[in-house]
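User: I have a structure open and would like to go through it piece by piece. Can you take my questions as they come?

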Amino acid sequence: MRILVVEDEIKIADALKKGLEAEGYQVKTALSGEEGYFCLTTEEEYDLMLLDLMLPGRDGIEILRTIRKKGVLTPILLLTGRDTVEDRVLGLDSGADDYLVKPFAFPELLARIRLLLRRGQQEPQHLLKLADLEINLLVHRATRSEQILDLTAKEFDLLVYLLRHQGHVVSREMLAQDVWQSRERSTPLDNVIDVNIARLRRKVDGPFEAKLIRTMRGVGFCLGEAVNG
Ligand code: CA
């Protein structure tokens with residue numbers, strides 16, 4: 001498995017290279033976005049790219065957009081120094097597959113890399129999956145245990161969003177902005193969000209033993225498999 005690390009801080013780039021090589025990955029580092037772009041698009045194939053958001057010259061987002069515009073589908077994990085909704089959304093919307101906020105724990109980086117590599121190997125791009133829950137974006141169909149879920153357009157969008165952020169907490173603010181395209185949060189909108197989540201939960205989790213949509217009290221929601229049974 002080959003990983004391309006694009007990071008302008010030499011110390012961090014070297015530490016990542018060392019750590020990842022110790023795990024058996026082949027690692028190449030690039031110290032600028034331009035160099036990273038060049039490596040990714042001209043050299044032999046990489047299985048994954050670790051891309052720092054804050055780079056001199058063309059930043060990570062610009063590089064990301066250019067790469068995706070070119071049709072390169074290599075999984076990209078974005079490393080961001082700022083944990084704001086805007087950054088995360090911008091990163092994902094620009095074509096990143098996942099993100100990690102600095103400073104991060106190395107084992108978490110490894111876990112996310114493994115997840116992306118697995119996904120890249122097994123899943124075609126139009127399928128979003130978690131356990132027995134699956135969305136096929138090509139035919140606009142959501143299923144759980146191969147049973148079709150009868151979702152409204154909004155519930156479908158909501159589930160797509162939750163699946164794309166699986167394992168991460170999604171706040172009402174993120175949902176308001178990204179799924180409802182509302183710049184401002186309001187109590188009525190929060191209520192609409194809660195009603196939609198409740199309906200989605202009935203359809204996605206109601207008939208099944210394993211519950212996938214979790215409420216994180218005071219924070220938001222998280223789609224994932226229960227950790228402790
Ligand atoms: Ca940087």
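User: Is Asp52 buried or exposed?
Analyst: This is a predicted model. In it, Asp52 has 2% relative accessibility, so Asp52 counts as buried. The cut-off for buried is under 20%.

User: What does Asp52 coordinate?
Analyst: Asp52 is a donor to the calcium ion through OD. Asp8 also gives OD, and Met54 gives O, with distances of 2.1 to 2.3 Å.

User: How are the donor residues spaced in sequence?
Analyst: The spacing is D-x43-D-x1-M.

User: And Met54, buried or partly exposed?
Analyst: Met54 counts as partly exposed, because its relative accessibility is 48%.

User: Back to Asp52. Which way does it point from β3?
Analyst: Asp52 points one way from β3 together with Leu48 and Leu50, while Met49 and Leu51 point the other way. All of these residues are buried.

User: What holds paired strands together in general?
Analyst: Backbone hydrogen bonds pair the strands of a sheet, in either a parallel or an antiparallel way.

User: Change of topic: cavities. How many are there of 30 Å³ or more?
Analyst: The count is 1 cavity. The largest cavity has a volume of about 40 Å³.

User: How does one find empty space like that?
Analyst: A probe the size of a water molecule is rolled over the atoms, and this shows where empty space is left.

User: Which residues line the largest cavity?
Analyst: The lining is made of Asp97, Asp98, Arg112, Leu115, Arg119, Arg164, His165, Gln166 and His168. By class, that lining has 5 charged, 3 polar and 1 nonpolar residues.

User: Which helix gives the largest share of that lining?
Analyst: Helix α5, residues 106-122, gives the largest share, with 3 residues.

User: Why does the largest cavity lie between the two domains?
Analyst: Domain 1 (2-122) and domain 2 (127-228) both give residues to its lining, so the largest cavity lies between them.

User: While we are on α5, is Arg118 buried or partly exposed?
Analyst: Arg118, which is found in helix α5, counts as partly exposed because its relative accessibility is 43%.

User: How far apart are Arg118 and Leu151 in space?
Analyst: They are 28 Å apart, C-alpha to C-alpha. In sequence, Arg118 and Leu151 are 33 residues apart.

User: Next, the sheets. What is the order of the open sheet of 4 strands?
Analyst: The order is β6-β7-β8-β9, and the pairing is antiparallel. The edges are taken by β6 (127-130) and β9 (147-148), each of which has a single partner strand, so one side of each is left without a neighbour in the sheet.

User: What joins β6 and β7?
Analyst: β6 pairs with strand β7, residues 133-136, in the antiparallel sense over 4 bridges. Leu127 has Asn136 in β7 as its bridge partner.

User: And the order of the open sheet of 3 strands?
Analyst: That order is β10-β12-β11, with antiparallel pairing. Its edge strands, β10 (169-170) and β11 (213-216), each pair on one side only.

User: How many bridges join β10 to β12?
Analyst: 2 bridges do, and β10 runs antiparallel to strand β12, residues 220-223. The bridge partner of Val170 is Phe221 in β12.

User: What about β11 and β12?
Analyst: They pair in the antiparallel sense over 4 bridges. Ile213 has Leu223 in β12 as its bridge partner.

User: What do β11 and β12 form, and what is in the turn?
Analyst: The two strands form a hairpin with 3 residues between them. Gly218 is in the turn and has a positive phi of about 80 degrees.

Note on methods:
Residues numbered from 1 in each chain as written. Predicted model: local features only at pLDDT ≥ 70, side-chain atom pairs only at ≥ 80, totals over all residues. Heavy atoms only, no water. 1 Å grid on protein atoms, 1.4 Å probe; cavity = no way out; pocket = protein on both sides within 12 Å on 5 of 7 lines; lining within 4 Å. Points joined across faces, edges and corners; volume = space filled by probe spheres on them. Nonpolar A, V, L, I, M, F, W, Y, C, P; charged D, E, K, R; others polar. Domains from an automatic or database assignment. Donors = N, O, S within 2.8 Å, 3.2 Å for Na, K, Ca; no water. Buried < 20%, exposed > 50% of the residue type's maximum accessible area, 1.4 Å probe, protein only. Pairing = 2+ DSSP bridges.
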